[in-house]
Amino acid sequence: QVQLVESGGGLVQPGGSLRLSCSASGVIFTIYTMGWYRQAPGKQREMVATITAGGTTGYADSVKDRFTISRDTAKNTVYLQMNSLKPEDTFVYYCNAKRSTWPRVDYWGQGTQVTVSS
């Protein structure tokens, strides 16, 4: 059974950094694309960063060169390192796991709040 648990959110000043973690039990990274998404109240969820089973990463234009997604296979954990944070990065951040083989299911964590404010 897959369970995704995010941690690491909080309040940070503009220009600061945070590292989000997603503990991914029941996920085998070699057959899942892992991703971070974010959502504001009443808005659509948007992709932030993804890492495929083969290790290829992708980023939204708004976070490129500031955020880095990575994974630790031994710990079954995916990270999102966020640097040079801006107030417009204030969202609830969600971890996602998409299976790349049949059955094509995907899973979501419960989300963690990131607030960037002085």
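**Aromatic rings**

At 0% relative accessibility, Y93 is classed as buried, a term that stands for under 20% relative accessible area, with exposed meaning over 50% and partly exposed in between (1.4 Å probe, protein chains only). The model is predicted, so that local features need pLDDT of at least 70 and side-chain atom pairs pLDDT 80 or more, while totals for chains, interfaces and linings use all residues. Residues are numbered from 1 along each chain as its sequence is written, and side-chain values use heavy atoms, leaving out hydrogens and water.

**Exercise 1.** Classify the pair formed by Y37 and W108, and locate both residues.

*Solution.* Rings of Phe, Tyr and Trp (its six-membered ring) pair if their centres lie within 6.5 Å, and planes under 30 degrees apart are stacked, over 60 edge-to-face and the rest tilted. The structure holds 2 aromatic pairs. For Y37 and W108 the centres are 5.0 Å apart and the planes stand at 75 degrees, so this pair is edge-to-face. Y37 lies in strand β4 (residues 32-39) and W108 in strand β10 (residues 106-108), 71 residues apart; strands are DSSP runs (E, at least two residues), numbered from the N terminus. Y37 is buried at 14%, whereas W108, at 35%, is partly exposed.

**Exercise 2.** Classify the pair of F91 and Y93.

*Solution.* With 6.3 Å centre to centre and 85 degrees between the planes, the pair is edge-to-face. F91 is buried, with 14% relative accessibility.

**Exercise 3.** Over the faces of which rings does R45 lie?

*Solution.* The criterion requires NZ of Lys or CZ of Arg within 6 Å of the ring centre and within 35 degrees of the ring normal. R45 lies over Y94 at 3.7 Å from the ring centre, and over W108 at 4.5 Å.

Methods. Helices (H or I, at least four residues) and strands (E, at least two) are DSSP runs, numbered from the N terminus.
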